[in-house]
Amino acid sequence: MAGYVEIFKLGKTYDTPNGPAVIVEDFGLEMGQGEYVCLLGHSGCGKSTVLTMIAGLNDITHGGVIVANREIDGPGPDRGVVFQSPCLMPWMTALDNVLLGVNQVYQHGTAKQRHEIAGYYLSLVGLGSSLYKRASELSQGMQQRVGIARAFALKPRMLLLDEPFGMLDSLTRMELQEILLDILQRDRVTTMMITHDVDEALFMSDRVVMMTNGPRARVGAIFDIPFERPRVRSEVLEHPEYYQTREQMLAFLEDQDHQRHRADVKKFEEAQSTSVTEAIGSAEVQV
Ligand SMILES: Nc1ncnc2c1ncn2[C@@H]1O[C@H](COP(=O)(O)OP(=O)(O)OP(=O)(O)O)[C@@H](O)[C@H]1O
Ligand SMILES: [Mg+2]
């Protein structure tokens, strides 16, 4: 179903010492219920700005976001957020960290039910035997698992993931990608994930949304990812469209790179009183 999430003309202007900076402008996207979209773009283009606006953690300057027929206005339990680091309470156990959110959302459940819900999601992420370990005793990968369990345990309508595997080594990263897909196979939560990794985007998502470079970043291209679910990594890698789509995505990023480079040089030259190329041309090089 299209339009479960509607992002319309989303814009963000930050106040800076040099005046207002328009970072995102006219960002528009519709997502179907249960759809998995990856957001890709160069560093600093405005991906986290878009995601935190949808999360309600960052004020929206223009436009709006509707999730399940409700326009968002600030953060809420209908949207689960996972960042690169999960920000756990280090002195609390894995279970208690998940319970913190569960207790707020399932206020009518009994203590036993809430305990079971938190334990269930921790077991799905592979921490069934570490429920009572303190967060400070967990590895980075285990902490990120707690963060994912915490987000799912709140039964959100939408999941917002900002480079959730960015700090992990490649083996843990691949393991957590598969765990996440596995949970989503049971619980099809509409998901937007930011990543810098083209292969991760191809493996995980239904569509990849490429952002243009800032300032005034917006949606630059959208790629449909055709691989069947549940996804098996080896099959995805062997799919005839894998490398073709990958090349198109890389070509888009490269093109953005060239445009940015040209814009940077032009801006620099305009700021000089004499042309830099002229100065270089007239300089006598001492060797
Ligand atoms: N609070 C703020 N005030 C002013 N400018 C900001 C603020 N937050 C972000 N920016 C600027 O907005 C731009 C986009 O930042 P954002 O963090 O959204 O980029 P990003 O695409 O997520 O980058 P990365 O891939 O490196 O995480 C950057 O130029 C950044 O400097
Ligand atoms: Mg970011």
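This is a predicted model: local features need pLDDT of at least 70, side-chain atom pairs count only at pLDDT 80 or more; totals for chains, interfaces and linings use all residues.
Two strands count as paired here if DSSP finds at least two bridges between them. One pairing to look for in the viewer is Val-5, whose bridge partner in S4 is Val-67.

Stepping back to the whole chain, the protein has nine helices and ten strands. The C-alpha trace spans about 80 × 45 × 45 Å along its principal axes. Of the 287 residues, 34% are buried. Among contacts with a separation of 6 or more, 70% are between residues 24 or more positions apart.

There is another sheet to walk through. Six strands make up this open sheet, in the order S6-S7-S8-S3-S9-S10, and here the pairing is mixed. The edge strands are strand S6 (79-82) and strand S10 (219-224), each pairing on one side only. On average, neighbouring strands are turned by 15° against each other, direction ignored.

Strand S8 (residues 190-194) sits between S7 and S3 in that order. On one side, S8 pairs with strand S7 (residues 158-162) in the parallel sense, over five bridges, and Asp-162 stands opposite Ile-194 in S8. Strand S3 (residues 36-40) also runs parallel to S8, joined to it by four bridges; in this pair, Val-37 stands opposite Met-192. As for burial, five of the five residues of S8 are buried, so the strand is largely enclosed by the rest of the structure. Both of its faces are covered: Thr-190, Met-192 and Ile-194 point to one side, Thr-191 and Met-193 to the other, and all are buried.

From S3 the sheet carries on to S9. S3 and strand S9 (residues 207-211) are again a parallel pair, held by four bridges, with Cys-38 opposite Val-208 in S9. Helix H8 (residues 242-271) packs on the sheet at this end, where it touches S9 and S10; the direction of H8 makes about 175° with that of S10.

Now for the helix pairs. Two packed helices are described by the angle between their axes and the distance between the axes. For helix H4 (residues 140-153) and helix H5 (residues 170-186), the axes come within 11 Å and cross at roughly 15°. Angles under 35 degrees count as roughly parallel, so H4 is roughly parallel to H5. The crossing of H4 past H5 is right-handed. On the H4 side, the contact involves Gly-141, Gln-144, Arg-145, Ile-148 and Phe-152; these meet Thr-172, Leu-176, Leu-180 and Ile-183 of H5. Sorted by class, the residues of this contact are five nonpolar, three polar and one charged.

The other pair is helix H2 (residues 94-105) with helix H3 (residues 111-124), whose axes come within 9 Å and cross at roughly 120°. H2 and H3 are therefore oblique to each other. As H2 passes H3, the crossing is right-handed. H2 contributes Ala-94, Leu-95, Val-98, Leu-99, Val-102 and Asn-103 to the contact, while H3 brings Arg-114, Ile-117, Ala-118, Gly-119, Tyr-121 and Leu-122. The class tally for H2 with H3 is nine nonpolar, two polar and one charged.

One residue of H4 is worth a separate look. Met-142 is found in this helix. Is Met-142 buried or partly exposed? A residue needs 20 or more other C-beta atoms within 10 Å to count as buried; Met-142 has 19, so it is partly exposed. Apart from neighbours within four places in sequence, Met-142 is in contact with Leu-127 and Ser-130. Leu-39 lies 103 residues from Met-142 along the chain, and their C-alpha atoms are separated by 25 Å.

Key:
Residues are numbered from 1 along each chain as its sequence is written. Chains are lettered from A and ligands numbered from 1 in the order in which they are written. Axes are lines fitted to C-alpha atoms, for helices over the stretch in contact, and angles run from 0 to 180 degrees between N-to-C directions. Helices (H or I, at least four residues) and strands (E, at least two) are DSSP runs, numbered from the N terminus. Angles under 35 degrees count as roughly parallel, over 145 as roughly antiparallel, 65 to 115 as roughly perpendicular and the rest as oblique. A crossing is left-handed if the near helix is turned anticlockwise from the far one by less than a right angle, and right-handed if clockwise. Two residues are in contact if their C-beta atoms, placed from the backbone, lie within 7 Å. Ala, Val, Leu, Ile, Met, Phe, Trp, Tyr, Cys and Pro count as nonpolar, Asp, Glu, Lys and Arg as charged, and the others, Gly among them, as polar. A residue is buried if 20 or more other C-beta atoms lie within 10 Å of its own, exposed if 12 or fewer, and partly exposed in between; C-beta atoms are placed from the backbone.
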